[in-house]
Amino acid sequence: MRALLRYDPFSVARDLDRFFEGFGTPVDRPWIPRVDVFDREDALVVRAELPGMRSEDIDVTIENSELVISGSRSFEQEEEGKGYHRREIAHGEFQRAIYLPDEYDADKISAGYHDGILEISIPKRPEVLPKRVKVDIAD
């Protein structure tokens with residue numbers, strides 16, 4: 001008889017972390033911020049986790065149909081005489097690119113940054129928005 005296994009959504013992330021441990025510490029690996037990308041009825045929304053950053057250290061550009069989020073997160077200098085047991089907080093330069101289909105109007109992009117979350121909204125072009133037509137039905 002097979003035992004039921006409890007589903008753990010974080011097991012894949014832990015397995016990947018274990019796999020990459022042989023390639024250096026997390027601080028040695030390039031930092032890639034996590035993003036959520038979702039489609040609203042009228043816009044594409046991108047949310048990026050950028051904890052510990054100032055808004056002036058973040059750049060958002062659109063190049064060749066790609067939304068590019070880039071910047072640099074600095075790391076506090078090691079304290080004299082303090083021995084670190086583990087250092088995992090990533091720092092340094094990063095860049096994240098997301099392809100934008102032609103249906104979005106990059107000229108009307110807007111962005112905000114609050115509590116370590118960057119939210120970018122790119123509206124859809126008016127010609128691709130759903131159109132509603134009133135239909136009169138005769139009895």
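The legends below describe close-up views of a predicted model.

**View 1. The chain as a whole: one helix, seven strands.** The protein chain holds 1 helix and 7 strands. Its elements run α-β-β-β-β-β-β-β from the N terminus. Of its 139 residues, 21% count as buried. The accessible surface comes to about 11,400 Å². Carbon and sulfur atoms account for 50% of that surface. Among contacts with a separation of 6 or more, 52% join residues 24 or more positions apart.

**View 2. The largest nonpolar core.** This core has 17 residues. Leu-50, Leu-67, Ile-69, Leu-118 and Ile-120 touch the most other members. Strands E2 (43-49), E4 (66-73), E5 (92-99) and E7 (117-123) each supply at least two residues of the core. In soluble globular proteins, nonpolar side chains tend to be buried together.

**View 3. A nonpolar patch on the surface.** Val-60, Ile-62 and Ile-109 form the patch. Together they have about 180 Å² of accessible area. Val-60 lies in strand E3 (residues 58-63). Val-60 is partly exposed, with a relative accessible area of 32%.

**View 4. The hairpin of E3 and E4.** The two strands pair in the antiparallel sense over 6 bridges. Ile-58 has Gly-71 in E4 as its bridge partner. The hairpin has 2 residues between the strands. Asn-64 takes a positive phi near 50° in this hairpin. Ser-65, in the loop between E3 and E4, has a positive phi of about 65° although it is not a glycine. Most residues other than glycine have a negative phi. Ser-65 is partly exposed, at 32% relative accessible area.

**View 5. Asp-115 in the loop between E6 and E7.** Asp-115 sits between strand E6 (110-114) and E7. Its phi is near 50°, a positive value in a residue other than glycine. Asp-115 counts as exposed, at 69% relative accessibility.

**View 6. Salt bridge between Lys-124 and Asp-39.** The structure holds 6 salt bridges. In one of them, the side chains of Lys-124 and Asp-39 meet at 3.5 Å, N to O. Lys-124 lies in the segment after E7 and Asp-39 in strand E1 (residues 35-39), so the pair ties together parts 85 residues apart in sequence. Lys-124 counts as buried, at 15% relative accessibility. Asp-39 counts as partly exposed, at 46%.

**View 7. Salt bridge between Glu-119 and Arg-47.** The side chains meet at 2.5 Å, N to O. Glu-119 lies in strand E7 and Arg-47 in strand E2, so this pair links parts that are 72 residues apart in sequence. Glu-119 is partly exposed, at 29% relative accessibility. Arg-47 is also partly exposed, at 30%.

View 8. Asp-105 forms a salt bridge with Lys-108, the closest N and O atoms being 3.9 Å apart. Asp-105 is buried, with a relative accessible area of 10%. Lys-108 is exposed, at 55%.

**View 9. Glu-103 and Arg-125.** Glu-103 is placed in the loop between E5 and E6. It counts as partly exposed, at 31% relative accessibility. The C-alpha atoms of Glu-103 and Arg-125 are separated by 5.7 Å. Along the chain, the two residues are 22 residues apart.

How values were computed
Residues numbered from 1 in each chain as written. Predicted model: local features only at pLDDT ≥ 70, side-chain atom pairs only at ≥ 80, totals over all residues. Heavy atoms only, no water. Patch = residues over 30% accessible without salt bridge, like charges linked within 9 Å, V, L, I, M, F, W, Y side chains within 5 Å. Areas by Shrake-Rupley, 256 points an atom, 1.4 Å probe, with all protein chains shown as cover. Salt bridge = Lys/Arg side-chain N within 4 Å of Asp/Glu carboxyl O. Helix = DSSP H or I, 4+ residues; strand = E, 2+ residues; numbered from the N terminus. Buried < 20%, exposed > 50% of the residue type's maximum accessible area, 1.4 Å probe, protein only. Core = buried A, V, L, I, M, F, W, Y, C linked by side-chain atoms within 4.5 Å. Contact = heavy atoms within 4.5 Å. Pairing = 2+ DSSP bridges.
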